[in-house]
Amino acid sequence: MAFGPLKMNHDEFWNSTLRQIDERMKAYLKTRQQEIEDTYYQNAWVLAQQYNMKRGKSAKALTADDFFNVEEYRKTAQER
């Protein structure tokens, strides 16, 4: 993990305290979580566009928020 996603070199790793490594890990995980949410939201946006192109006149237009609830996702992600 340290030499991959955290992009630490050998000297940085061995000269870091556990607290410093933990802080870098938390920052990485926060960034990664935001990337995942962004990808899900982009997919929900595309899905909404496809739905809206094919919906009937009487059907309600949908948005990305109708397909992906960020708050619900964050709540279930914390439970994992």
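Hi everyone, let's begin with Arg32, which counts as partly exposed because its relative accessibility is 37% (buried is under 20% relative accessible area, exposed over 50%, partly exposed in between, with a 1.4 Å probe and protein chains only). A quick word on the source: this is a predicted model, where local features need pLDDT of at least 70, side-chain atom pairs count only at pLDDT 80 or more, and totals for chains, interfaces and linings use all residues. Residues are numbered from 1 along each chain as its sequence is written, and side-chain values use heavy atoms, with hydrogens and water left out.

Back to Arg32: it forms a salt bridge with Glu35, the closest N and O atoms being 3.3 Å apart (a side-chain nitrogen of Lys or Arg within 4 Å of a carboxyl oxygen of Asp or Glu). Both residues lie in helix H2, 3 residues apart, about one turn of the helix (helices are DSSP runs of H or I, at least four residues, numbered from the N terminus). Glu35 is partly exposed, at 40% relative accessible area.

Helix H2 also holds Lys26 and Asp22, 4 residues apart, and they form a salt bridge with the closest N and O atoms 3.2 Å apart. Lys26 is exposed at 53%, while Asp22 is partly exposed at 37%.

Now, which residue pairs with Glu37 in a salt bridge? Arg74 does, with the closest N and O atoms 2.8 Å apart. That pair links distant parts of the chain, from Glu37 in helix H2 to Arg74 in helix H4 (residues 70–79), 37 residues apart. Glu37 is buried at 7%, whereas Arg74 is partly exposed at 36%. Glu71 joins these two in a network of salt bridges.

Key: Helices (H or I, at least four residues) and strands (E, at least two) are DSSP runs, numbered from the N terminus.
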